[in-house]
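Please examine the sequence and the model shown below.

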Amino acid sequence: MSVPASGAIDCDVHPALPNTQVLLPYFDAYWKEHVQMRGLDRDNYNAAAFPVNAPINGRPDWRPEKGVPGSDFAMLQSQALDGFQNRFAICNVLHGAQAILSEDLSAAFCRAINDWIAAEWLARDPRLRASIVVPMHSPELAAKEIERCAADPRFVQVLVWEMQELPLGRRQHWPIYRAATDHDLPIGVHAGSSYRHPPTNLGWPSYYLEDYVSWSTGFAGVLNSLISEGVFVEFPRLKVVLMESGVTWLPAWMWRANKTWRGVRAEVPWLDKSPADYAREHVRLTIQPFDAPPEQGQLQRIIEEIDCDDMLLFATDYPHWHFDGTDALPDGLPDALVRKILVDNAMKTYPRLS
Amino acid sequence: MRMDAWPKDGGHPGSDLALMREQLLDAFDVSYGMMMPLLGRGGDERNVEFGAALCSAANDWEAQVWCDAEPRLKAAIQVTTEYTEAAIKEIEKRAGDRRFTHVMIPPRGLEPLGRRRYWPILEAAAANGFPIALHLGGTSGHPSTGGGWPSFYHEEHPSYPQSKEALVTSLVVEGVFEHIPNLRVALVEGGFAWLPSLCWRLDKHYKRLREEVPHLKMLPSEYVRRNIWVTTQPIEEPERPDDLLATCEWIGWDRIMFSTDYPHWDQDDPRYAFKVRVPEREKQMLFRDNALAFYTLG
């Protein structure tokens, strides 16, 4: 179905850097020289998880004539903001910066991207908000970057990849979660990998289709890690938003995780409720791409099984290509739930939107 | 392990036939028990000559020590996927021996099982009438999740379905079932409730990315429906028990086979595993008929 009302909050749009040179004004003198001297500004650092020319990463009518999908401000403004009559759209820059192995260089790129998005996108349309990109493998520098950006209320979330060096729940990462909760920033976990490991435990797949499909399994791993390590016990106000990997996998994950918890919860005695209930309280999911089952009744059952109206958030995933026409919502959702998905759930998840 | 499955003589759980009869075969009136030996691990050996020898010896041991003493038990043909010729030879050697019913491959090999280098082994299984049974296991060396090594068993145990999802994805997308249409695959010890969602996801993204995989001639879900079977343990327990029936409908009752996982701690007891009443006809399929057909035991 199309979006029935104006004023929705689009929780996942992807402005793209047209090239690395646009960042040069946002590096300090040292890093600018470093980047130029090494010729890094000639490289594009596209996130490997989102190859620019893969059909799924740019809807044909959302591709600019020149440059990469999502790099044209006017197109994004007319197609994602005006087109869907959104009240807010949250910009998530998917960029290889977060995977650069040098913590210092990665942090320098992240700072430059955050300053670039603020100056060149957020400043041009009051409906735009953004996520802070951080070097996740350097918790100290990541927390510092969160502190720095949090002074700007247009940053509403911290963005990390789902698959990195270490599972996201690992306690080394907790300074990041502490900084985020201190500033009412949810952690936005986006589909994709920094490819420190193969995306599955079987090894490297051959096709992009396999890679893309595997991302929902990465999210299941994220939940297992965050919950098992006790992240939500330590940070009871923390919200985590899983972006761009569907939602229909969630019920089966809940059933399995709950069963394991009943069997071996002595190993994780800090958990005082089931994994499914932690997820319902702390975890949110954007609905694109919705892995809609072929039959209406199946979708209704999935929604009932999730059994929580607060979890789903609207997103177009602009400019990625997940739906046809403007049918950004799956058919068959009850009206009350649609209202929550479009507006209310996001307002509760992102306190800094209010 | 089940605490009461340790034999009094100090052996390993699962090593004592009398105890296995008492706790499993007789206790539940089992007609056939499909063996999936996890020790020995010839398939995990990097020294492939040694691995092939280990597999062959373990297969003799299954047949002579177990099947000959207890005809209700059926043997797995263990192979090492990193030594194609030896694996094919081993499959051919066991063809026609009714003690063997399935080829067992540890799915975490050096590369995903759908990769073409493994096709000759899968072809040999199909050509000799054996289905492939894929338990958890293998030593790829890669972390057990795409995001790195988990800290807790509480985290690792629910990651098994993700490994199975990757396996289905690899087999289907690489084109194994287009190339070997009569290959039958059983997924063992991964539960099954995740399968419908995976199929929806595969189909959805296949429609956008199909040009990358022109070797596929049907929807991914159609290959799954034709070539893949699941075993139940550890059976998912939905918060609303009835939801399990819908899940089974979506997969197809004719593709689901009961398994206990004896003697592991998370074994499913056939009397209590289902928290919902399964209709009589479907019960027959799931507890007996599907497996008789799959393993050609009729």
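In chain B, the axes of helix α6 (residues 160–174) and helix α9 (residues 220–227) come within 10 Å and cross at roughly 105°. Helices (H or I, at least four residues) and strands (E, at least two) are DSSP runs, numbered from the N terminus. An axis is a line fitted to C-alpha atoms, for helices over the stretch in contact, and angles run from 0 to 180 degrees between N-to-C directions. α6(B) and α9(B) are therefore roughly perpendicular to each other; angles of 65 to 115 degrees count as such, while those under 35 count as roughly parallel, those over 145 as roughly antiparallel and the rest as oblique. V168(B), V172(B) and V173(B) of α6(B) make the contact with P220(B), Y223(B) and V224(B) of α9(B); two residues are in contact if their C-beta atoms, placed from the backbone, lie within 7 Å. By class, this contact of α6(B) with α9(B) has six nonpolar, no polar and no charged residues. Here Ala, Val, Leu, Ile, Met, Phe, Trp, Tyr, Cys and Pro count as nonpolar, Asp, Glu, Lys and Arg as charged, and the others, Gly among them, as polar.

The model is predicted: local features need pLDDT of at least 70, side-chain atom pairs count only at pLDDT 80 or more, and totals for chains, interfaces and linings use all residues. Residues are numbered from 1 along each chain as its sequence is written, and chains are lettered from A and ligands numbered from 1 in the order in which they are written.

How are helices of two chains placed against each other? The axes of α7(A) and α6(B) come within 10 Å and cross at roughly 170°. α7(A) and α6(B) are therefore roughly antiparallel to each other. T217(A), A220(A) and G221(A) of α7(A) meet Q162(B), E165(B) and A166(B) of α6(B). By class, the residues of this contact are two nonpolar, three polar and one charged.

The contact between the chains takes 62 residues from chain A and 58 residues from chain B. Elements of chain A that give two or more residues to its side include β4 (155–163), α7 (215–229) and α9 (250–264). That side of chain A has 29 nonpolar, 21 polar and twelve charged residues.

Within chain A, an open sheet of eight strands has the order β1-β2-β3-β4-β5-β6-β7-β8, with parallel pairing; two strands pair if DSSP finds at least two bridges between them. β1 (8–13) and β8 (312–313) of chain A stand at the edges with a single partner strand each, so one side of each is left without a neighbour in the sheet. β4(A) and β5(A) run parallel and are joined by five bridges, and M163(A) stands opposite S193(A) in β5(A).

Strand β4 of chain A also holds L159(A). Is L159(A) buried or exposed? L159(A) is buried, with 28 other C-beta atoms within 10 Å; a residue is buried if 20 or more other C-beta atoms, placed from the backbone, lie within 10 Å of its own, exposed if 12 or fewer, and partly exposed in between. Not counting residues up to four places away in sequence, L159(A) touches N92(A), S131(A), I132(A), V133(A), G188(A) and H190(A).

In helix α5 (residues 174–182) of chain A, I176(A), Y177(A), A179(A) and A180(A) are buried. They cover an arc of only 160° around the axis, which puts them on the same side of α5(A); the arc is that of the directions from the helix axis to the C-beta atoms. β4 and β5 (187–193) of chain A are among the elements that cover these buried residues.
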